[in-house]
Amino acid sequence: VVQNAAEDRYFVCSDGGGVYEFSGTNLVGHYDNTNSALAEKDGKVRVWSGIVLSDGSCWFYNESSDNPLVVRDAHGTWHALPWPDASPTLPPSFAEDRSGALWIGHTASNYLMRVEPTEFIQSGGLRGV
């Protein structure tokens, strides 16, 4: 579960059905390969983990995709971006620091990455790590 406490919104990641968005207890959105940048593989849209940053953007790890770092930016636009390292074989961990930078812990490669969200999105995943 990924929470945006400022808006009382919750995003539930699914290992086969994409992402479900709740407002309080009400389902308000379901995102998969038909209405977002999430991709499917073998009939499943696998989303392992994610985070909502303070700017309102949502970042997810979409295991099914060649561009597995999927972002819904603060304006509601979806982006599928390359993973800054070899794709994880385990769910990555996400955290945001006080400056708004995104930290990604990747157990499989033993990396801790710092991402500047705006620069990463604007460059299509080429800069900002």
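Hi everyone, here is a short tour of one protein model, from its overall build down to a few residues.

Two notes before we start. This is a predicted model, in which local features need a pLDDT of at least 70, side-chain atom pairs count only at pLDDT 80 or more, and totals for chains, interfaces and linings use all residues. Residues are numbered from 1 along each chain as its sequence is written, and side-chain values use heavy atoms, with hydrogens and water left out.

Let's begin with the overall build. The protein has 11 strands and one helix; helices (H or I, at least four residues) and strands (E, at least two) are DSSP runs, numbered from the N terminus. Reading from the N terminus, the order is β-β-β-β-β-β-β-β-β-β-β-α. The radius of gyration is 14 Å, close to the 14 Å that the globule rule gives for 129 residues, so the protein is as compact as a globular protein of that length. That radius is taken over C-alpha atoms, and the globule rule is 2.2 Å times the number of residues to the power 0.38. Along the principal axes, the C-alpha atoms fill a box of roughly 35 × 35 × 25 Å.

How confident is the predictor? The mean pLDDT is 88, and 92% of the residues reach 70 or more; pLDDT is the predictor's confidence in each residue, from 0 to 100. Among the elements, strand S4 (residues 26–31) has the highest mean, 95, while strand S1 (residues 2–4) has the lowest, 68.

Now for burial and surface. Of the 129 residues, 43% are buried, where buried means under 20% relative accessible area, exposed over 50%, and partly exposed in between (1.4 Å probe, protein chains only). The protein exposes about 6700 Å², and carbon and sulfur atoms supply 46% of that; these areas come from the Shrake-Rupley method with a 1.4 Å probe, and for residues only the protein chains shown count as cover. Of the contacts with a separation of 6 or more, 35% are between residues 24 or more positions apart. Contact here means heavy atoms within 4.5 Å.

On to some individual residues, starting with Val-19 in strand S3 (residues 18–23). Is Val-19 buried or exposed? Its relative accessibility is 0%, so Val-19 counts as buried. Leaving out residues up to four places away in sequence, Val-19 touches Phe-11, Val-12, Gly-29, His-30, Tyr-31, Leu-38, Val-47 and Phe-60. Gly-105, 86 residues away along the chain, has its C-alpha atom 21 Å from that of Val-19.

Next is Ser-14, in strand S2 (residues 9–16). Ser-14 is also buried, with a relative accessible area of 18%. Beyond its neighbours within four places in sequence, Ser-14 is in contact with Tyr-20, Val-45, Arg-46 and Val-47. Ser-14 and Val-45 are 31 residues apart along the chain, and their C-alpha atoms are separated by 7.7 Å.

Leu-27 sits in strand S4. Not counting residues up to four places away, Leu-27 touches Tyr-20, Glu-21 and Phe-22. From Leu-27 to Tyr-111, 84 residues along the chain, the C-alpha separation is 35 Å.

Two loop residues are next. Asp-42 is in the loop between S4 and strand S5 (45–52), and at 73% relative accessibility Asp-42 counts as exposed. What is phi of Asp-42? Phi is near 55 degrees, a positive value in a residue other than glycine. For background, most residues other than glycine have a negative phi.

Glu-116 lies in the loop between strand S11 (111–115) and helix H1 (117–122). With 32% relative accessibility, Glu-116 counts as partly exposed. Glu-116 is in contact with Ala-101 and Gly-128, leaving aside neighbours within four places in sequence.
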